[in-house]
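Please read this note with the structure open beside you. Each point can be checked on screen.

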Amino acid sequence: MKYDFYKSPFLRVSIKIDEGRMRIITSRPASIIMRKNIGKILSIFEGEKPAKIDSDRLICSTWLPPIPSLGFDRLVKSQLLSILGKMVPDQVTISITEECPNNCIHCALPDTKNQAKLTPEAVKFTIDQVLEMGTTFVIFDGGEPLTYPGLEYLINHVDPAKAICGMFTSGVGLTEERARSLKEAGLYSLTVSFDSAFEDQHDYVRGRKGVFNSAVEAIKNGLKADLLVNMYVVLSKDNVNELEQIYTLASELGVHELSLYEIVPTGRWMNHASEIMNPINVRKFDNFLSTVREKEGPRVFAIPQVMKATGCMAGRKWLHITPEGNILPCACIPIPYGNVYRDKIKDIWKKIREDPVYNAKYCLMRNPEFREKYLKVLE
């Protein structure tokens with residue numbers, strides 16, 4: 001089976017499924033020149049498992065629109081424009097509420113204690129603006145977005161011809177009925193967060209008993225509702241030794257993808273920069289990745305490895321909106337450049353793009369010089 005990734009008179013890029021793996025095929029006169037420019041993007045897919053193969057479409061990842069789709073065409077266009085230096089926020093996360101039943105020790109959301117919520121009108125206007133700018137993935141986040149009244153109404157406002165819609169959740173409150181309701185409203189993918197493969201440890205990190213079981217049930221209910229389901233794990237010194245158990249759990253639950261990220265010193269973890277993963281932890285992560293791709297089970301999306309190819313995506317490909325309406329380069333960089341209640345997002349995006357720091361090769365929040373210089377505004 002072969003799917004067109006990109007097609008023009010000068011270049012054709014296709015993805016062929018060969019023994020369950022994605023293989024990139026380029027052809028037409030400009031392919032050699034263009035392959036050099038887009039090679040970093042294509043390397044993310046080459047030899048990897050797809051998240052899912054339907055009868056009429058390929059889902060490379062829960063983070064991307066399906067192939068074929070108008071949303072994917074928009075994404076490819078934005079990637080080609082980025083080669084020419086024109087960046088758009090492909091992925092926008094909107095933290096619609098601070099409310100959350102959990103008390104995670106590493107929560108990235110600042111402890112404002114305001115219990116702030118974005119108004120439905122502000123969320124809709126934000127969606128309209130970012131879709132106009134070229135965004136292809138709108139993610140609802142929190143707090144816990146399932147606590148927001150009218151969540152389905154907001155999901156339904158994301159035009160499926162332009163972007164896919166996802167949600168990050170701890171799983172608390174996601175019944176089978178609610179999962180079906182979200183699917184009917186237009187939710188494309190469900191991302192459920194795990195901190196450990198073990199119930200007691202997960203509940204400890206989340207600050208409340210029962211959250212592990214809620215997360216497991218959320219995955220089951222999401223799958224029953226025919227949602228794409230992604231298990232999301234933030235790796236730290238505490239759980240990097242659980243990678244095999246985490247993958248086993250993901251396989252047993254039947255998720256489409258397991259996404260792995262490294263803990264970032266931000267939010268409640270802001271003053272824990274010395275406690276992020278050390279070189280030994282990173283080697284364990286790399287060793288796991290070198291073996292897991294040959295195993296039966298879900299696709300693994302290793303975000304740190306992707307960022308080695310693409311660079312830090314804060315303010316380049318990512319944009320984040322807080323429950324107070326502040327516009328940030330990403331969810332991990334708590335520096336407001338504007339506010340959706342008073343500013344046009346495209347103007348703030350231009351302001352962020354004019355700062356050369358947002359072309360970094362590595363995560364900025366792990367850069368001591370960036371933290372010292374830029375985070376003084378928060379003191």
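1. Start with a caution. This is a predicted model. Every value here is computed from that model.

2. Look at the aromatic rings. The structure holds ten aromatic pairs. Take tryptophan 63 and phenylalanine 137. Their ring centres are 6.2 Å apart and their planes meet at 85 degrees, so the pair is edge-to-face. The cut-off behind that word is an angle over 60 degrees.

3. Now place those two residues. Tryptophan 63 is in the loop between β5 (58-59) and α2, while phenylalanine 137 is in strand β7 (residues 137-141), so the pair ties together parts that are 74 residues apart in sequence. Are the two partners buried or exposed? Tryptophan 63 has 12% relative accessibility and counts as buried. Phenylalanine 137, at 5%, also counts as buried. The limit for buried is under 20%.

4. The pair belongs to a cluster. Ring pairs link Trp63, Phe137, Phe168, Tyr232 and Phe301.

5. The charged end of arginine 366 sits over the ring of tyrosine 261. The distance to the ring centre is 5.8 Å.

6. Turn to the second largest pocket. Its volume is about 850 Å³. Which residues are the closest to its centre? They are Ile44, Gln79, Thr310, Met313 and Lys317, out of 39 residues that line this pocket. Four elements each supply at least two lining residues: α1 (31-43), α2 (70-83), β12 (299-302) and α10 (303-310). By class, the lining has 23 nonpolar, nine polar and seven charged residues.

7. Next, the cavities. How many of 30 Å³ or more does a search of the whole structure find? It finds three. The second largest cavity has a volume of about 40 Å³. Its lining has eleven nonpolar residues, with no polar and no charged ones. Among them are Tyr261, Met307, Trp318 and Leu364. Cysteines are there too, including Cys312, Cys330, Cys332 and Cys363.

8. Check threonine 135. This residue lies in the loop between α3 (120-133) and β7. Its relative accessible area is 0%, so threonine 135 is buried. Leaving aside neighbours within four places in sequence, threonine 135 is in contact with Arg74, Pro89, Asp90, Val92, Val130, Lys162 and Ala163.

9. Compare that with aspartate 355, in the loop between α11 (345-353) and α12 (368-374). Aspartate 355 counts as buried, at 17% relative accessibility. Beyond its neighbours within four places in sequence, aspartate 355 is in contact with Tyr337 and Tyr374.

10. Valine 205 sits in helix α6 (residues 199-206). Valine 205 is buried, with a relative accessible area of 8%. Not counting residues up to four places away in sequence, valine 205 touches Asn103, Cys104, Ile105, His106 and Asp195. Glycine 315 is 110 residues from valine 205 in sequence. In space, the two are 29 Å apart, C-alpha to C-alpha.

11. Now the backbone. Most peptide bonds are trans, and most residues other than glycine have a negative phi.

12. Where are the cis bonds listed here? One joins isoleucine 67 and proline 68, with omega about -5 degrees. Proline 68 lies in the loop between β5 and α2, and tryptophan 63 is in that loop as well. Another cis bond runs from glycine 142 to glycine 143, with omega near 15 degrees. Glycine 143 is found in the loop between β7 and α4 (151-155).

13. Finish with positive phi values. Glutamate 19 has phi near 55 degrees. This residue is in the loop between β2 (12-18) and β3 (21-27). At 77% relative accessibility, glutamate 19 counts as exposed. Aspartate 226 has phi near 65 degrees. Aspartate 226 is in the loop between α7 (211-224) and β10 (228-235). With a relative accessible area of 47%, aspartate 226 is partly exposed.

Conventions: Residues numbered from 1 in each chain as written. Predicted model: local features only at pLDDT ≥ 70, side-chain atom pairs only at ≥ 80, totals over all residues. Heavy atoms only, no water. 1 Å grid on protein atoms, 1.4 Å probe; cavity = no way out; pocket = protein on both sides within 12 Å on 5 of 7 lines; lining within 4 Å. Points joined across faces, edges and corners; volume = space filled by probe spheres on them. Nonpolar A, V, L, I, M, F, W, Y, C, P; charged D, E, K, R; others polar. Phe/Tyr/Trp six-rings, centres within 6.5 Å; stacked < 30°, edge-to-face > 60°. Buried < 20%, exposed > 50% of the residue type's maximum accessible area, 1.4 Å probe, protein only. Lys NZ or Arg CZ within 6 Å of the ring centre and 35° of its normal. Contact = heavy atoms within 4.5 Å.
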